[in-house]
Amino acid sequence: MIVLLTGDDQHAIQEQLKQYKAEIDAQWLTLCYHRFPADRLDRAISVARTHSLTGGKKLVIVENCHLKQWGDTELETLQQLVQMPEFTILVFVATNVDKRLKIYKHLVKYAKLFEFPLIPPWRTDLIEKAIATQAKKIKLVLSKDAVEYLAEAIGNDMTRVATELRKLYIYGNGKQLELAEVKELVPCQTQNSLQLASAIRQGESNQVLHLLDDLLSRSEPLMVIVATLLTQFRTWLWVKSAIVSGVKKDSELAQLCSISNPNRIYYLRQEVANTSINALAKALTMMLDLEMSIKRGAESKDLLLIILSVSRLFKLT
């Protein structure tokens, strides 16, 4: 079996890998379980093509395969996929892939594709559902408001969700946990990049400083912060532009702005109602420049200065 796992939800991908690993006889893991970086593709394929000495399944994982790092040599190596032994599980793991690539099109001829996108931070309904599902799997009983609190406190960090749910399971010892108990055990870290975006749009410089300080103290990567801000401000600009252009129906707005859930339009309308389109356009330009600066080595102090400057744009409108 050949598999391609892609997506930003690293927790879900690691859980899938654990399932494959569980299919290997534990006493033969040393011989039948192998992990390789993407630049060792030739070695990984060679190991995968070798029949297991135990007669059972063999798991070979090739990690960090965004595929763009592979050229004609790797494409030629992948021609050997057609000769993969029946009991080999060969897994390619990628955060994201360009589906237009020739090497991707060749790979998916033989591999089953499983996509694990991270739940958008604003989709609290889906986050709550994911938390409730994980809790049920480990037989943890939570009240409805406790689940809602966890979605707010943790957000879409599914790795932390799993950690906190295991802690609650041990504490609960089989009984249902209520909101008050969960609040004591799970700290609320709602200071996230989406809240930072809202504070910037509202020109609340003090709140911007507080949120940014909290994010940086938790070692949130600068590129992750900026990527979220870019996505949010781009969405606000698209929505505002469409409204100014005369688009009235939510369904049309959602389609024009590439928003998968039309129900979100109601909230976006409110968010941009009193926001200047010129300020949004200027903010997006400044953040694109900031993204390039960070890629060139800019540090947190540079991030702070530019974000405060963006915040001032909205304080003046």
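Modeller: The labels are taken one by one below, each with its value and cut-off.

Biologist: What kind of model is this?

Modeller: This is a predicted model. The protein has 16 helices and five strands. Its C-alpha atoms fill a box of roughly 70 × 55 × 40 Å along the principal axes. Of its 317 residues, 44% are buried.

Biologist: How do you know that the span of helix α1 agrees with its number of residues?

Modeller: Helix α1 covers residues 10-22, which is 13 residues. Within α1, His11, Ile13, Gln16, Leu17 and Tyr20 are buried.

Biologist: Why is leucine 31 called partly exposed?

Modeller: Its relative accessible area is 41%. Buried means under 20% and exposed means over 50%, so a value in between counts as partly exposed. Leucine 31 sits in helix α2, residues 29-32.

Biologist: What makes Leu31 part of a nonpolar patch with Trp28 and Leu53?

Modeller: Patch residues need over 30% relative accessible area and no salt bridge, and nonpolar side chains are joined within 5 Å. Leucine 31, at 41%, therefore passes the area cut-off. Together, Trp28, Leu31 and Leu53 have about 340 Å² of accessible area.

Biologist: Why is the pair of glutamate 164 and lysine 167 called a salt bridge?

Modeller: The closest N and O atoms are 2.8 Å apart. The cut-off is 4 Å, so the pair qualifies. Both residues lie in helix α8, residues 158-172, three residues apart, about one turn of the helix. In general, an α-helix has 3.6 residues a turn, so residues three or four places apart point the same way.

Biologist: Which of the two partners is buried, and which is partly exposed?

Modeller: Glutamate 164 has a relative accessible area of 9%, under the 20% limit, so it is buried. Lysine 167 stands at 36%, between the limits, so it is partly exposed.

Biologist: What makes arginine 269 and aspartate 250 a link between distant parts of the chain?

Modeller: Their side chains meet in a salt bridge, 3.0 Å from N to O. Arginine 269 is in helix α14 and aspartate 250 is in helix α13, 19 residues apart. Arginine 269 is partly exposed, at 24% relative accessible area. Aspartate 250 is also partly exposed, at 32%.

Biologist: Which residues do salt bridges with shared partners join into one network?

Modeller: Arg160, Glu164 and Lys167. The structure holds ten salt bridges. Another of them pairs glutamate 181 with lysine 175, with the closest N and O atoms 2.7 Å apart. Lysine 175 counts as partly exposed because its relative accessibility is 41%.

Biologist: How many residues does the largest nonpolar core have, and which have the most contacts inside it?

Modeller: This core has 40 residues. Those with the most contacts inside it are Leu196, Ile200, Leu229, Phe233, Leu303, Ile307 and Phe314. Elements that give two or more residues include α10 (193-201) and α16 (300-315). The largest share, ten residues, comes from α12.

Biologist: What does leucine 196 touch, beyond residues up to four places away in sequence?

Modeller: Its partners are Val208, Leu211, Leu212, Leu215, Ile225, Leu229 and Ile307. Apart from this core lies another, of 26 residues, among them Val60, Met84, Ala94 and Tyr104.

How values were computed. Residues numbered from 1 in each chain as written. Predicted model: local features only at pLDDT ≥ 70, side-chain atom pairs only at ≥ 80, totals over all residues. Heavy atoms only, no water. Helix = DSSP H or I, 4+ residues; strand = E, 2+ residues; numbered from the N terminus. Expected span 1.5 Å × (residues − 1). Buried < 20%, exposed > 50% of the residue type's maximum accessible area, 1.4 Å probe, protein only. Patch = residues over 30% accessible without salt bridge, like charges linked within 9 Å, V, L, I, M, F, W, Y side chains within 5 Å. Areas by Shrake-Rupley, 256 points an atom, 1.4 Å probe, with all protein chains shown as cover. Core = buried A, V, L, I, M, F, W, Y, C linked by side-chain atoms within 4.5 Å. Contact = heavy atoms within 4.5 Å.
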